[in-house]
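Take a look at the model below.

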Amino acid sequence: MAEGPLVIQTEELSPEAAAWLGERCRLEVCGVDDPRFGELVESAGGLIVRTYTTVDDALLDRAPKLRVVGRAGVSLANIDVEACRRRDVAVVHTPDSNTQAVVEYVLALALDATRPRVFLYEPVDLPNWRDIREEMITPRQLSDMTIGVWGVGRIGSRVSAVFRSIGSRVLGHDIRDVGDVQAEMVDRDTMLRESDLVTVHIDDRPANKAVMDAEALALLRDHAVVINASRGFVMDTDALADWLREHPAAQAVIDVHEPEPFGADYPLLDLENAHLSPHLASAAKTAKANMSWVVRDVWRVLQDEEPEFRALGQTGAGR
C-alpha cells in the first residue's frame, strides 16, 4: 500500500481509478457504517463518495484533517457544500461524466412513450399479424412533436441537439443566458403550453424544489408527456399525480424520485399513465467509469494543485 495521505472510499469506484489513486496515497475502502470508519475519518485527508454517503456537519465534525471531498458523480445533493466551505474543505465532482448516458436514456424514454413496441416469441397467423400491426400504429412520431427542454445546460443542450436532429421542433427554457443551443429559447410558460413532450434537466439548487408544481402542470397540453431524469425534488409529486388522474391521455416517465427508494405512499404508484424507473439514466459502464475519475481532482487538491472540477462557490477552498 502506498504511503502518503489517507483517502477513504465509501462507495464503489472503477478498479482502474481506485488503483490509480492507490498508487499515490493510502486508500481505504470503508463505508460509513463500518466500525472502522470512525477511527479512519479522524486522520483522513480525502473522502470519496457516490450517492448514499451524506457529507454534512455531523460527518465533518469527525474529520478534522479532511481537505477534500470527491463526489464520483454530478449532483451534489448529498454534500453540504457550504459546510465544507466553512471548514476550508474542497468539494470536487465529475459534472460531464454521465451526459451522453443520460441523453441516450432520455431519447429511449421518449421513444417508449411515443413509439411503443411489441416483440413476438411465437408464430402468429396472418389475421393476428395484421391485427397487431394495426394496434401498434401510433398517433405521433417525434418529428411531428414539439419538445420542451427545461434547462439547457450540459445535458439539456445535448438533448436539444438530438431531438432537433430527429426533426422535432425544440423549445428551450433556462434561467441563465445559455448562449448558442439548438433550441428556440422561450419563457417557461410558452415552453410548457406549446410542447407535446417536456423533458426536465435542471440542477439541484434549492430554488428548483418542486418547480414542476400544479401551476406549471396546468399549462401543459392534455396529451403531454413529462420526462424527469434530473432531480427527484424538482417535481411536486402530489400535483403530478393529480394532473395525471385528470388527464388520462398524458404520461409521466420519472427516473428520479424524492425520496429514493420511494415507499408504498409514493403518490405516483398505481397510476396507469405514470412510468417509474429506479434512477437508471446514468447506469452505463462508461458513465460509471467516468465518474470514478474524480480521483484525479482529489489527488490534485491533496498536492495543493487547483482541481479541474470544483463545486460552485468553492473557489480557493481546500487546505
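This is a predicted model: local features need pLDDT of at least 70, side-chain atom pairs count only at pLDDT 80 or more; totals for chains, interfaces and linings use all residues.

A disulfide is a pair of cysteine sulfur atoms within 2.5 Å. By that cut-off, the structure holds zero disulfides. Cysteine 25 is in none, and the nearest cysteine sulfur, that of cysteine 30, is 15 Å away.

Residues are numbered from 1 along each chain as its sequence is written, and side-chain values use heavy atoms, with hydrogens and water left out.

Are the cysteines buried or exposed? Buried means under 20% relative accessible area, exposed over 50%, and partly exposed in between (1.4 Å probe, protein chains only). Cysteine 25 counts as buried because its relative accessibility is 0%. Cysteine 30 is buried too, at 1%.

Now the strands. Helices (H or I, at least four residues) and strands (E, at least two) are DSSP runs, numbered from the N terminus. In a regular strand the side chains alternate between the two faces of the sheet. Strand 1 (residues 6–9) is covered on both faces. Leu6 and Ile8 are buried on one side, Val7 and Gln9 on the other.

Two strands pair if DSSP finds at least two bridges between them. Strand 1 runs parallel to strand 2 (residues 26–29), joined by four bridges. There, valine 7 has leucine 27 as its bridge partner. Strand 1 also pairs with strand 3 (residues 46–49), in the parallel sense, over three bridges. Isoleucine 8 stands opposite leucine 47 in strand 3.
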